[in-house]
Amino acid sequence: MRTFLTILAIPLLLGGCAGAGTSGGPSSSNARSAAPSSAAKYSVATGADKLVLRLADEGGFVAPGFLLTRTPQFALYGDGRVIVPGPVDAISPGPLLPNLRQMHVTPDEIQKILAAADAAGLLGPDASYRATNIMDASTTVFTTIVAGKVHITSAYALSESGATGDSPDAVAQAKLLDFQGQIQNLAGFLGRPAADDQAYEPTGMEVFPNVAPPSDGSSPTPQVVTWPLAADPATGGQPTLVEGTRCFLVQGTDLATFLAVAKNANALTVWTAPSGRYTVQVRPLYPEESGCSTGGA
C-alpha cells in the first residue's frame with residue numbers, strides 16, 4: 001500500500017505532455033505538443049494509446065476471477081500518461097469499480113525512465129528468469145517498446161526470491177527488482193514534489209457476471225440492482241477460460257448506462273435479470289486494449 005501511495009505523489013503537469021521520438025498516434029485531448037531535449041536517446045511513439053512501458057503480474061495462486069480482472073502495476077504511454085492502481089478502500093465489501101489513477105510525466109522524464117529500464121536490461125533480448133523452491137507465486141512481466149521494437153522480460157517470484165547471489169541470472173533479477181522499486185517510487189526517482197493526481201476514466205470496460213450463490217440467511221442482505229444492459233448476462237458476451245464466466249465488452253452509451261449503476265455498487269451487489277441473479281466483476285480497459293480478456297490461466 002505504501003508503494004502505491006508513493007507512486008501517486010507524481011504531480012500533474014499543466015496541459016499534459018507528449019512523449020519523445022516519432023509520432024505513433026493521436027495525442028491525448030488534454031496534452032499539448034512538447035519535445036524532448038536534443039539529447040533524447042530513446043525513440044517512442046507519442047500517441048495517448050501507445051504503450052511505452054508496462055509492469056504487470058501474471059499467474060500465481062489466486063482466484064480465477066482475480067486473474068481476469070487484475071490490472072498492471074504500472075503503465076506509461078507516449079503522451080506521458082502514467083496509470084497505476086490507487087489506494088484500496090479498507091471497508092468490506094469494497095466498491096465494485098477499481099481505483100485507477102493517472103498522472104503525466106514530461107518527455108525528458110520518459111527518457112530518464114527508459115534509461116533506467118535500459119540499465120536494468122529491459123531493452124535487450126527477451127529474457128525469462130525462474131526462482132527455485134518457491135511455489136504458487138506470480139510472474140512479473142516487463143514490457144518495453146522503444147523504436148518500434150517490443151522487449152519482454154519476465155521473472156517468476158521476483159519479489160519473493162529476493163534476487164540474491166552472484167550468478168548471472170541473480171544479478172539480472174536484482175537489477176529488475178531495483179528498477180521495479182524505482183518506478184514504484186516514481187516521484188522520488190524523478191526528484192519531484194508531491195501533487196494531486198486524477199481518476200483514470202476508461203473508454204471501455206470488461207464486465208464479468210457470475211450466477212449469484214443462494215443466500216443462506218446468515219450473511220447481511222446484499223444490495224440488489226437491476227442489470228442495465230440489453231444483452232442477457234447468461235447468454236450475451238463471450239466465454240472465457242474461467243468456467244461459467246462470460247465477458248461483456250461495454251463501451252459508448254452502454255458504458256455510461258452501466259457506470260451509472262456500478263459507481264454505487266460493491267463486490268457483493270446482486271444484479272437481477274430475467275435469467276436470474278448475478279454478481280459482477282469488472283476490469284477497465286487500458287488505452288492500448290480493445291477487447292475482452294478470454295484468458296484467466
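Hi everyone. Rings of Phe, Tyr and Trp (for Trp, its six-membered ring) pair if their centres lie within 6.5 Å; planes under 30 degrees apart count as stacked, over 60 as edge-to-face, and the rest as tilted. This is a predicted model, where local features need pLDDT of at least 70, side-chain atom pairs count only at pLDDT 80 or more, and totals for chains, interfaces and linings use all residues. Residues are numbered from 1 along each chain as its sequence is written, and side-chain values use heavy atoms, leaving out hydrogens and water.

How many aromatic pairs does this rule give? The count is 5. Take Tyr 200 and Tyr 286: their ring centres are 5.9 Å apart with the planes at 45°, so this pair is tilted. It links distant parts of the chain, 86 residues apart. Tyr 200 sits in the loop between strands E8 (198–199) and E9 (204–211), and Tyr 286 in the segment after strand E14 (276–284). Helices (H or I, at least four residues) and strands (E, at least two) are DSSP runs, numbered from the N terminus.

Are these two tyrosines, Tyr 200 and Tyr 286, buried or exposed? Both are buried, meaning under 20% relative accessible area, with exposed over 50% and partly exposed in between (1.4 Å probe, protein chains only).

Next, Phe 258 and Trp 271 are stacked, at 5.4 Å centre to centre and 10° between the planes. Phe 258 lies in helix H7 (residues 252–262) and Trp 271 in strand E13 (residues 270–273), so the pair ties together parts 13 residues apart in sequence. Phe 258 is buried at 0% relative accessible area, and Trp 271 is buried at 1%. Ring pairs also join both of them with Trp 227 and Phe 248 in a cluster.
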